[in-house]
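I opened the model to look up a helix pair, a chain contact and a sheet. My notes follow.

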Amino acid sequence: MAFLSDKKIKELEITANDIRKSIIEMLVEAGSGHTAGPLGMADIFTLFYFHILKHDPKNPFWEERDRLVLSNGHICPVFYATMAYAGYFPKEELKTLRKLGTRLQGHPHREYMPWLENSSGPLGAGLSQAVGMALADKIDKKDKDRFIYCFMSDGELDEGNSWEAIMLAGKNKVRNLIAVVDRNNIQIDGFTEDIIPLEPLADKWRAFNWHVIEVSGHDFMALNEAVVEAQAVYEKPTVIIAHTIPGKGVHEFERDFRWHGKPPNKEEAKMALNELRTLGGKIKSEHQ
Amino acid sequence: MLNPDLKLNPKIFNDDVAQAPIRKGFGEGLVLAGDQDKNVVALCADLTESTQMIFFKEKFPERFVEIGVAEQNLVTVASGMAAMGKIPFCSSYAMFSPGRNWEQIRTTIAYNDRPVKIIGSHAGISVGPDGGTHQALEDIALMRVVPNMEVISPCDSIEAKKATQAITKTGKPAYLRLAREKTPIVTTEETPFTLGKAEVYWMPDVGIPQVGIIVTGGLMHRALLAAKELQDQEEPQRIKTKVMNLSCIKPIDVKAIVALAKECKAIVTVEEHQVAGGMGSVVAEVLSQNFPVPMEFVGVQDKFGQSGTPDELIEHYGMGKNSIKEAVRKVLKRKI
């Protein structure tokens with residue numbers, strides 16, 4: 001992973017914005033799906049797929065690749081859009097999301113997209129799969145060769161299975177495991193701290209023998225430094241608690257839990273796309 | 001008579017027939033599988049000795065993962081290990097795995113199509129004194145409805161050993177059902193075992209069988225005793241039967257089951273499981289579509305278990321030798 005230059009950051013910002021536009025287009029075409037989480041995670045997915053991950057879209061089964069486990073499968077619009085931009089499949093295919101026969105299932109399914117590391121949707125089971133991958137690497141003495149990343153939501157920390165995984169990873173000191181929690185503070189029924197409080201979240205992970213880093217999920221430089229630090233921690237697994245804004249990039253959607261599980265309608269999509277095309281009114285849209 | 005081609009235990013009908021827990025065969029088979037394939041790993045949820053995984057742990061400590069009392073983690077961690085090329089065996093009591101972690105098994109193992117082997121020990125009512133909470137009577141139903149999952153319920157410890165080695169090589173998810181108690185040894189090392197193939201263990205000395213008895217799991221010995229006693233009766237009470245071992249419930253040997261039904265025209269199924277959704281239901285699904293015949297189901301009739309000795313419970317819930325004989329007589333009367 002190389003130094004993150006200002007030029008590269010500008011490129012990442014443009015890519016993330018394009019990915020957000022695709023997310024809106026996919027969701028309005030599908031007529032169902034989740035909006036807030038995918039928009040909020042667009043910067044993190046972009047940074048990983050275009051700067052951090054050791055991967056090869058033309059050779060997706062490359063044995064030495066890093067593994068990225070997506071635990072909260074419902075944010076897959078951002079996953080699919082990022083993979084399409086990275087070259088895993090044609091961007092035109094994005095509009096097939098959730099339609100009969102598509103590879104872009106409503107929640108990711110390996111049978112349709114075999115290069116995915118896992119199928120997901122039911123919450124709380126991604127981290128334990130990532131722990132299993134890291135344990136396998138430990139047995140094979142490959143835990144210095146690659147990293148196992150797990151992207152997960154804050155809401156799925158309600159699940160007991162998540163904490164079983166956190167406990168086991170702490171016990172086994174799996175060094176190449178890096179979890180990234182999308183700390184956007186919302187879940188379907190409301191704000192996480194109203195539904196079932198997670199705070200003090202960092203202290204909880206620390207108590208389970210993890211190295212904890214808290215960072216903005218929208219600051220490429222800071223996120224990159226967090227990953228560099230996580231990779232350098234040798235004696236224990238690391239969690240990056242990434243503070244994100246749900247719905248990020250579309251002002252009307254931001255920080256509103258009602259956008260967790262619904263797609264924009266045509267009018268809302270038009271408004272959202274205009275906002276993204278003009279970077280929130282900073283520039284003039286070619287489409288106006 | 002016992003099927004002479006299968007080299008079954010010749011002492012099967014002796015009072016001093018050798019006995020061993022079915023789970024013991026798994027413990028031995030897993031060590032052999034570990035010898036044969038370095039990718040075999042084992043995970044356990046705080047029951048290493050009673051599920052007989054301890055032999056693997058002692059021989060291959062670097063390939064053993066203690067998960068703790070966390071069955072959801074047990075199977076999902078195993079899925080992750082399988083994603084990296086491992087062949088994970090995860091063991092617990094059947095009541096907890098697949099009892100507690102069904103959705104994790106469905107999504108992260110079967111839906112993911114990862115070759116994880118779920119070992120449900122202490123299945124059935126014969127767990128005995130621990131009582132109903134620990135008596136898994138629904139596990140076959142839970143696992144057989146999941147696509148990609150293979151389901152095997154061996155009849156004795158030798159077959160369990162062979163089944164353990166066989167499922168190592170399939171590249172598919174599998175559920176292996178084991179029992180705690182000592183069970184009479186029905187087969188020998190020479191008895192053939194092929195995944196997906198049902199075998200006829202008992203047949204009439206002469207003449208055509210009147211009833212086919214299909215058995216899965218540890219009740220096989222009782223079924224063979226019942227078949228022998230029915231045959232040994234004087235005419236006109238004598239009933240000729242065939243007894244089939246259906247240890248592999250999925251994939252199901254449709255051809256063998258249909259052939260048995262065509263020959264006998266009446267079927268009794270025998271299993272230590274709820275009648276609803278179990279092996280008998282599988283057989284009924286096969287026959288109703290291919291060759292419907294009258295059927296009787298020996299198993300637990302929509303009830304929970306309770307404390308007691310294994311033998312007491314088998315009798316109390318109507319799965320003993322006499323219950324099997326009664327079911328045979330009943331189905332015979334229903335034959336057209």
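Which residues in α1(A) meet which residues in α3(A)? I noted A:K8, A:L12, A:T15, A:A16, A:I19, A:R20 and A:I23 in α1(A), against A:A42, A:D43, A:T46, A:L47, A:F50 and A:H51 in α3(A). Contact means C-beta atoms, placed from the backbone, within 7 Å. By class, this contact has 7 nonpolar, 3 polar and 3 charged residues. Ala, Val, Leu, Ile, Met, Phe, Trp, Tyr, Cys and Pro count as nonpolar, Asp, Glu, Lys and Arg as charged, and the others, Gly among them, as polar.

The model is predicted: local features need pLDDT of at least 70 and side-chain atom pairs pLDDT 80 or more, while totals for chains, interfaces and linings use all residues. Residues are numbered from 1 along each chain as its sequence is written, and chains are lettered from A and ligands numbered from 1 in the order written.

Next I looked at the chain contact. I found 24 residues of chain A in contact with 24 residues of chain B. On the chain A side, α5(A) gives the most, with 10 residues. That side divides into 10 nonpolar, 9 polar and 5 charged residues.

Last, I looked up the sheet in chain B. Strands pair if DSSP finds at least two bridges between them. I saw 3 bridges joining β9(B) to β11 (residues 241-245) of chain B, running antiparallel. B:E199 stands opposite B:N245 in β11(B).

Conventions. Contact = placed C-beta atoms within 7 Å. Helix = DSSP H or I, 4+ residues; strand = E, 2+ residues; numbered from the N terminus.
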